[in-house]
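Please examine the structure shown below. The questions that follow concern its helices and an annotated region.

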Amino acid sequence: MFGSPFTSFVLAVALISSWSFKLTNASNILALFINSHRSHLLLYTSIVNLLLDRGHNVTVITTLEVQEFSSAPENLKWIKLSSEYTRSRHLPNSNALEQIESMMKRIDDTSEFMNDPAWRKFMKDPRDHHFDLMLLGYLFNDYQLGVAAHFKCPSVVIWTGQPIGFIHKLIGNPEYRRYVPQPYDRHQYRGWRGVAFGWFEKFVESIALHKMKEVYDEHFPQPEYPTFWEIRKNVSLTFVNHHSLSEGPIGPQVPGIIEIGGLQYSKLYANKTSTEHCDSDLETILNEGKDIIYLSFGSRVKWSMLDRNMPRVFVEAFKLFINYTVIWTYDRDCEDLEKLSPNIKCRAWWPQNAILAWNNTKLFITHGGKGSVSEVYSHAKPILGFAFFGDQRANVARIQTKQLGMALDIYNLTSAQLVDTLNELLKTDRYHRNALAFSRLYRDRPQSSEESVIFWLEYVMRYGGARHLHSPLRDLNFFEYYSLDIYLIVIVILLIVVKLCNWLEKKLES
């Protein structure tokens, strides 16, 4: 069957070697996803599933239920804490001071998990656990890096969008605000305005970091643990759910920032005519064969946060598109909503990737969250964006700039305005063609996001934290980072020269 005996022997040795490699190189990884939103967990669990498929042993700790893990693998240990600890404090149209106050309260809220009985039991004796790496889902929770110090292992951070100031500082990446707009800047300023916004963001960053230091010092006291500032320097690298070459903006990036934009979608839903990843109700809806409009504002924007009459604005518009099935993510009474129009199907949570991957899905109405934007980029659908807060405004602005869709203001929305916009997006081929072209660019990379994740995580473990990736910027203080010491020396020298020139002028006149 295999030819010569020698060939059979070589094949047998190769098979045994590959099997042994998987077993002997399996690592123990801790995945800490404490203050995550439901949408963030989709990215995190995709990374965990890649590690599980690779044969690594992963201990996952969450505060939310997770359905997306690979089906009960032997190498997964999942610990769900007893409380959620994450309370959304985003207020629509809140001012800067309210947003800062919200961030401080969020840090207080999420730090409560440190006193959870299940967590305290887990942390009680680090000798009971050995980990080669810690994955941290990042959302202004630097103090949780102390867990990596507790278990004496390197750490890798996962951020769900374009790098922000916190991530740049954490990994030592230079920031050029004059020409690199930041995701939390709703106006996407460049030039002196971009620099001014950058200084404001640094002010907020400083306040938040000192708040996180207080939490860290309470639970990871010195000298038993490194200082808060030292432990932040020990992060090996950061994964960011972004692809700057297609999405922009282009800016400097150190090797410690790895772009994995679109990770959770690029392979799972390649077959756009299969209902393999759908539940029975969704499979029935999709198999009806009607064109689909999909509406979801993610896990952080609740319809209960909006005016109670707002759904009727959408319903009145959808009634005029009776040939489309409207699949709607809705956190109020779905039965009452579906009675208003026969083409509406609603649920508190749909398998979004399966819907966006479906060929008959013609439009995605979204809040512009980074996870949702990454999904729709991969699946090449036109977009209607309603931004609420954070980086959603910048994401929706990019969608308009690239002519991948349109944007509306939900707080000043009328049914007539929505109908006109839906007609434009559904009946103008330009948006569909642009979405297809952009999706090709978004997915055209030398290495897939999945391959990047596995390579770099195993790279960090192979080299014991990969200290050689460490950016020198991380060792500079505030004055050195912004070259203020150099500017000060130059100013002093210029003052001395001016003083000397004045002195010589007076001498010559006398």
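Q: Is the crossing of α11 and α16 left-handed or right-handed?
A: This is a predicted model, in which local features need pLDDT of at least 70, side-chain atom pairs count only at pLDDT 80 or more, and totals for chains, interfaces and linings use all residues. Residues are numbered from 1 along each chain as its sequence is written, and side-chain values use heavy atoms, without hydrogens and water. A crossing is right-handed if the near helix is turned clockwise from the far one by less than a right angle, and left-handed if anticlockwise. The crossing of α11 and α16 is right-handed.

Q: At roughly what angle do the axes of α11 and α16 cross?
A: Axes are lines fitted to C-alpha atoms over the stretch in contact, with angles from 0 to 180 degrees between N-to-C directions. Those of helix α11 (residues 310-318) and helix α16 (residues 415-427), both DSSP runs (H or I, at least four residues), come within 8 Å and cross at roughly 50 degrees.

Q: Which residues of α15 are buried?
A: Buried means under 20% relative accessible area with a 1.4 Å probe, protein chains only. Seven of the 10 residues of helix α15 (residues 392-401) are buried, so this helix is largely enclosed by the rest of the structure. They are Gln 392, Arg 393, Ala 394, Asn 395, Val 396, Arg 398 and Ile 399.

Q: How far apart do the end C-alpha atoms of residues 486-504 lie?
A: An unreviewed UniProt entry lists residues 486-504 as "transmembrane region". The span is 100% helix and 0% strand, and its end C-alpha atoms lie apart by 27 Å.

Conventions:
Helices (H or I, at least four residues) and strands (E, at least two) are DSSP runs, numbered from the N terminus. UniProt positions are given in the numbering used here, feature names are shortened, and annotations may be inferred rather than shown by experiment. Buried means under 20% relative accessible area, exposed over 50%, partly exposed in between (1.4 Å probe, protein chains only).
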